[in-house]
Amino acid sequence: MFDLILVLRLNLKFGIPDYVFVVIVESIAQMTNRLKWMPMLVLSSKLCPSGIEGTFFALLMSIDNVGLLSSSWGGGLVLHVLKITRTKFDNIWLAILIRNILRLTPLCMLFLVPRVDPNSFILLPKENVDPKVDAIDTSETKDVELMSLVHSVDGNI
């Protein structure tokens with residue numbers, strides 16, 4: 001609701017100048033944007049099978065990018081419907097209010113998060129899996145030695 005406070009100029013009633021208010025709001029926004037990823041990463045680490053962590057993280061990033069793209073298109077649609085242009089800002093407060101209400105809608109999906117002990121495994125450990133199903137021959141990969149592809153940094157061999 002900080003943007004709504006800024007648009008309605010309520011910060012001046014509290015004696016906070018615009019530039020100070022914007023710096024405070026942007027600092028809070030950066031902090032919360034970083035903190036909002038923590039539960040997603042913890043839950044995904046519980047759901048991800050070992051060996052495909054990079055692929056799973058790429059999937060999360062692509063889902064986030066699709067969300068950002070769809071939110072910017074949806075925001076443009078809301079601005080068009082409310083007839084907000086570069087020179088006409090009469091309904092900007094309503095657009096900000098709609099955005100803030102839509103930001104709270106994921107709270108309605110919290111029932112989908114499993115209620116289990118955070119330290120328990122969601123996927124079965126490897127020893128409980130049927131060995132007939134997981135029949136990958138690992139005898140060749142046990143004695144693999146990794147070597148550097150770069151012999152020298154300064155160009156001398």
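Residues are numbered from 1 along each chain as its sequence is written, and side-chain values use heavy atoms, with hydrogens and water left out. In this predicted model, local features need pLDDT of at least 70 and side-chain atom pairs count only at pLDDT 80 or more, while totals for chains, interfaces and linings use all residues.

**Helix lengths**

Helices (H or I, at least four residues) are DSSP runs, numbered from the N terminus. The expected span of a helix is 1.5 Å times one less than its number of residues. Two helices are set against that value below.

| Helix | Residues | End-to-end C-alpha distance | Expected span |
|---|---|---|---|
| Helix 5 | 53-81 | 42 Å | 42 Å |

Helix 5 has 29 residues, and its span is close to the expected one. Lys83 follows helix 5 and has a positive phi, near 55°.

**Buried side of helix 6**

Ala95, Ile96 and Asn100 of helix 6 are buried, meaning under 20% relative accessible area, where exposed is over 50% and partly exposed lies in between (1.4 Å probe, protein chains only). They cover an arc of only 135° around the axis and therefore lie on the same side of helix 6; the arc is that of the directions from the helix axis to the C-beta atoms. An α-helix has 3.6 residues a turn, so residues three or four places apart point the same way. Helix 1 (2-7) and helix 5 are among the elements that cover the buried residues of helix 6.

**Helix 4 against helix 5**

Helix 4 (residues 37-47) packs on helix 5 at an angle of about 145°, and their axes are 11 Å apart. Axes are lines fitted to C-alpha atoms, for helices over the stretch in contact, and angles run from 0 to 180 degrees between N-to-C directions. Helix 4 contributes Trp37, Met40, Leu41 and Ser44 to the contact, and helix 5 contributes Phe56, Phe57, Leu60, Met61 and Asp64. Contact means heavy atoms within 4.5 Å.

**Phe2 and its partners**

Phe2 is found in helix 1. Leaving aside neighbours within four places in sequence, Phe2 is in contact with Phe21, Val25 and Ile28. Phe2 and Val25 are 23 residues apart in sequence, yet 6.7 Å apart in space, C-alpha to C-alpha. Phe2 is partly exposed, at 38% relative accessible area, whereas Phe21 is buried, at 8%.

Methods. Helices (H or I, at least four residues) and strands (E, at least two) are DSSP runs, numbered from the N terminus.
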